[in-house]
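Subject: Handover of a structure for your study

Dear colleague,

Please find below the structure that I am handing over to you, together with its sequence. I would ask you to look through it first and then to read the notes that follow.

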Amino acid sequence: MTRKLHKMLAATTAALALGALAPAASAAPVGVAFAYLGNPGDAGWTYAHEQGVKEVEKKFGDKIKVTRVENVPESADSERVFRDLATKDNKIIFGTSFGYQDFELKVAQDFPDQVFLHATGFKKAPNFGTYDVRTYQSAYLAGVAAGYTTKSNVLGFVASVPVPEVVRNINAFTLGARSVNPKVTTKLVWINSWFDPGKEKQAAETLIGQGADVLIQNTDSTATMQTAEEKKIHAIGWDSDMKKFGPNAQLGACVSHWGVYYTWVIEQVLAGKWKNTPIWWGLKEKALDFEDINTDAVSSNAQKAISDKRNDIAGGKFDVFAGPIKDQSGAVKIAKGATLTDPELQRLNWFVEGVEGSLPK
């Protein structure tokens, strides 16, 4: 063998050895997409989801590639958005608002190898699952704070659209308030929209005119909190902390921590363990809480009551909808020793005693 050929063989052997030791090329990031009803802004529903998305970006780093689409309407146009996200090879696609359900499900059926997840829905398919947080639990705690704080014994609820989720929250808030102050009533104004700052402000002003001195909302803007601040009454932050919009008004905030679920479910999909079992998490899983309590306005007794009830709910010692509970007519709707099952909660269409208002026809 010539010296030149020997050197060539040696160089080839060395190169192969180095190749064997070198790390394999990293896998391409997994596409993860989110459809938002609005833009994240700095408070409210979409903002809360955005905080969760930021958590998973930090957690998974370059293992995932996140795409966001903002201001997606709850109409047939959302189908176009979901289909576009699917054709761009996003492995996991999240629809973060109730009205997307049928449109997202239709697209999911055309892309069986991708995972579609829908917030607050109830339908199911092999590659389509639903997720939610038990906002009624934090609404109950907010009611305890309101029941202790109100001077007029009139609370106001700016209600969005008449679906079971909103009915649950109205009832839970009222039950929490009346558990510490049986004289309390909750008045309702419906705006028939998730997000309409003008209507939210008008509703808040109407409720204040009816004597409400603590407001809560199931809407997405900060208009209710800002109106409470202007009128020098109290309000509850919804979906996220709204203290910056009502530093004196806010009693506390019902905060949803979507990152707890988003982190878990992405881990399940990446590990090939995902199942389409509906997820409905609450205080036990730290998926939400009643936070940033205004200690200048909420008494120490109230703070202790909130803390004790939080621990009891998280520990399974107390259920918000445990009987006996009466409806608006005074009839016992849930007997002593009974409670509502999850399917019953998801169909809830009646109000508890103390609620003054009705479902829009």
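In which sense do strand β5 and β11 pair, and over how many bridges? Strand β5 (residues 128–133) pairs with β11 in the parallel sense, over three bridges. Within this pairing, Tyr131 stands opposite Ile279 of β11. Please bear in mind that the model is predicted.

The six-stranded sheet

Both strands belong to an open sheet of six strands with parallel pairing, in the order β2-β1-β3-β4-β5-β11. At its edges are β2 (64–69) and β11 (279–281), and each of them pairs on one side only. From one strand to the next, the twist averages 20 degrees.

Helix α4 touches β3 (90–95), β4 (115–119) and β5, and its direction makes about 175 degrees with that of β4. Helix α9 (residues 258–270) touches β1 (30–35), β2, β3, β4, β5 and β11, and its direction makes about 150 degrees with that of β3.

The seven-stranded sheet

There is also an open sheet of seven strands, with the order β12-β10-β9-β8-β6-β7-β15 and mixed pairing. Its edges are formed by β12 (288–291) and β15 (355–356); each has a single partner strand, so one side of each is left without a neighbour in the sheet. Inside the order, strand β6 (residues 154–159) and strand β8 (residues 214–217) run parallel and are joined by four bridges. Gly156, for instance, has Leu215 in β8 as its bridge partner.

Helix α5 (residues 135–149) lies across β6, β8, β9 (234–239), β10 (250–256) and β12, at about 15 degrees to β12. Helix α6 (residues 164–180) lies across β6, β7 (185–190), β8, β9 and β15, and runs at about 165 degrees to β6.

Helix against helix

Two packed helices are described by the angle between their axes and the distance between the axes. For α5 and α6, the angle is about 35 degrees and the axes are 6 Å apart. Their crossing is right-handed. The residues that meet include Ala139, Tyr140 and Gly143 in α5, and Ala172, Phe173 and Gly176 in α6. By class, this contact of α5 with α6 has 12 nonpolar, six polar and one charged residues.

The second pair is helix α7 (residues 197–209) with helix α8 (residues 223–231), whose axes come within 8 Å and cross at roughly 40 degrees. The helices α7 and α8 are therefore oblique to each other. The crossing in which α7 passes α8 is right-handed. Among the residues in contact are Pro197, Glu200 and Lys201 in α7, and Ala223, Thr224 and Lys231 in α8. The contact of α7 with α8 divides into four nonpolar, two polar and five charged residues.

Salt bridges

Side chains of opposite charge can pair when their charged atoms come close. How many salt bridges does the structure hold? The number is 17. In one of them, the side chains of Asp110 and Arg83 meet at 3.0 Å, N to O. Asp110 lies in helix α4 (residues 101–110) and Arg83 in helix α3 (residues 77–87), so this pair ties together parts that are 27 residues apart in sequence.

Yours sincerely,
A colleague

How values were computed. Residues are numbered from 1 along each chain as its sequence is written. This is a predicted model: local features need pLDDT of at least 70, side-chain atom pairs count only at pLDDT 80 or more; totals for chains, interfaces and linings use all residues. Side-chain values use heavy atoms; hydrogens and water are left out. Two strands pair if DSSP finds at least two bridges between them. Helices (H or I, at least four residues) and strands (E, at least two) are DSSP runs, numbered from the N terminus. Contact means heavy atoms within 4.5 Å. Axes are lines fitted to C-alpha atoms, for helices over the stretch in contact, and angles run from 0 to 180 degrees between N-to-C directions. Angles under 35 degrees count as roughly parallel, over 145 as roughly antiparallel, 65 to 115 as roughly perpendicular and the rest as oblique. A crossing is left-handed if the near helix is turned anticlockwise from the far one by less than a right angle, and right-handed if clockwise. Ala, Val, Leu, Ile, Met, Phe, Trp, Tyr, Cys and Pro count as nonpolar, Asp, Glu, Lys and Arg as charged, and the others, Gly among them, as polar. A salt bridge is a side-chain nitrogen of Lys or Arg within 4 Å of a carboxyl oxygen of Asp or Glu.
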